[in-house]
Amino acid sequence: MKENLSKKPTNFPYLRLLNYKKLHLKWKNYWFKISGTWQSCPLTCPIEKPHHRHILWSWLGSFLAIAATAYLSVKTNSPLLMAPFGATSVLIFGVPDSPLAQPRNVIGGNLVAALVSLIVLHLFGSSPWTMGMAVATAIGMMQLTGTVHPPSGAVALVVMMTKAPWQFLLTPALEGSIILVLCAVVFNNLAQERTYPKHWL
């Protein structure tokens with residue numbers, strides 16, 4: 001006598017429904033984060049503008065630092081200046097209190113990014129995926145070493161796009177960063193309301 005084996009009902013429709021509900025919930029959560037921010041601050045979010053004295057000091061400081069670095073670059077016939085230093089100037093003169101603007105971050109971040117990207121460049125060459133690898137690895141290494149400096153992401157791209165030699169690590173990455181930091185130390189402390197740096201290491 002054969003036993004009638006009852007087939008167990010498959011749960012596939014329920015699983016599909018559960019997955020759909022999870023996916024729908026994740027989408028709603030994602031959209032809520034975007035739309036919630038939008039609703040609280042649509043197009044004209046109030047921005048606290050700095051005092052006109054702060055703006056003047058930022059302008060003058062960045063002008064002198066970039067001009068001095070460019071002048072030394074011409075006089076010494078060595079490339080001390082690169083585009084990411086413009087963004088560095090925004091931080092060290094525009095928001096000198098920022099943790100991202102401190103000497104450890106400026107010098108360390110630029111050195112780490114330059115070194116990482118030079119290694120990637122000389123091991124794998126310059127291509128779209130190695131450019132992504134250089135920037136991503138530079139970000140990770142800056143986070144690991146506590147030297148996060150946003151313009152350093154551009155330093156990594158400069159290395160990859162120009163196929164820079166190993167000399168780039170010294171000039172402009174190290175020397176240029178030191179010049180900018182010294183200008184920021186000298187100039188920022190002339191203003192009564194500014195103290196730079198907040199910390200060295």
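**Nonpolar core, helix packing and aromatic pairs**

The model examined here is a predicted one. Phe-168 also belongs to the largest nonpolar core, which has 32 residues. Within this core, the residues that touch the most other members are Ile-92, Phe-93, Val-155, Val-159, Phe-168 and Tyr-196. At least two core residues come from each of H3, helix H4 (103–124), helix H5 (128–145), helix H6 (151–162) and H7. The contribution of H4, 8 residues, is the most that any gives to this core. In soluble globular proteins, nonpolar side chains tend to be buried together.

The packing of H3 against H7 was examined next. The axes of the two helices, H3 and H7, lie 11 Å apart, and the packing angle is about 25°. Angles under 35 degrees count as roughly parallel, and H3 and H7 are therefore roughly parallel to each other. The crossing of H3 past H7 is right-handed. On the H3 side, the contact is formed by Phe-85, Thr-88, Ser-89, Ile-92 and Phe-93. On the H7 side, the residues involved are Pro-172, Ala-173, Gly-176, Ser-177, Leu-180, Cys-183, Ala-184, Phe-187 and Asn-188.

Thr-88, located in helix H3, has a relative accessibility of 1% and so counts as buried, the limit being under 20%. Apart from residues up to four places away in sequence, Thr-88 touches Val-106, Asn-110, His-149, Pro-151 and Leu-180. Of these, Leu-180 is among the H7 residues that make the contact with H3.

Aromatic pairs were then considered; the count comes to 4. In one of them, the ring centres of Phe-93 and Phe-187 are 6.3 Å apart and the planes are at 70°, so this pair is edge-to-face, a class that requires an angle over 60 degrees. Phe-93 lies in helix H3 (residues 84–94) and Phe-187 in helix H7 (residues 170–188); the pair thus links distant parts of the chain, 94 residues apart. Both Phe-93 and Phe-187 are buried. Together with Trp-57, Phe-93 and Phe-187 form one aromatic cluster.

Another pair is made by Phe-124 and Trp-129, with ring centres 5.8 Å apart and planes at 55°, so the pair is tilted. Phe-124 has a relative accessible area of 44% and is partly exposed, whereas Trp-129, at 52% relative accessibility, counts as exposed because the limit for that class is over 50%.

Technical notes. Residues numbered from 1 in each chain as written. Predicted model: local features only at pLDDT ≥ 70, side-chain atom pairs only at ≥ 80, totals over all residues. Heavy atoms only, no water. Phe/Tyr/Trp six-rings, centres within 6.5 Å; stacked < 30°, edge-to-face > 60°. Helix = DSSP H or I, 4+ residues; strand = E, 2+ residues; numbered from the N terminus. Buried < 20%, exposed > 50% of the residue type's maximum accessible area, 1.4 Å probe, protein only. Contact = heavy atoms within 4.5 Å. Core = buried A, V, L, I, M, F, W, Y, C linked by side-chain atoms within 4.5 Å. Axes fitted to C-alpha atoms, helices over the stretch in contact; angles between N-to-C directions. Parallel < 35°, antiparallel > 145°, perpendicular 65-115°, else oblique. Left-handed = near helix turned anticlockwise from the far one by under 90°.
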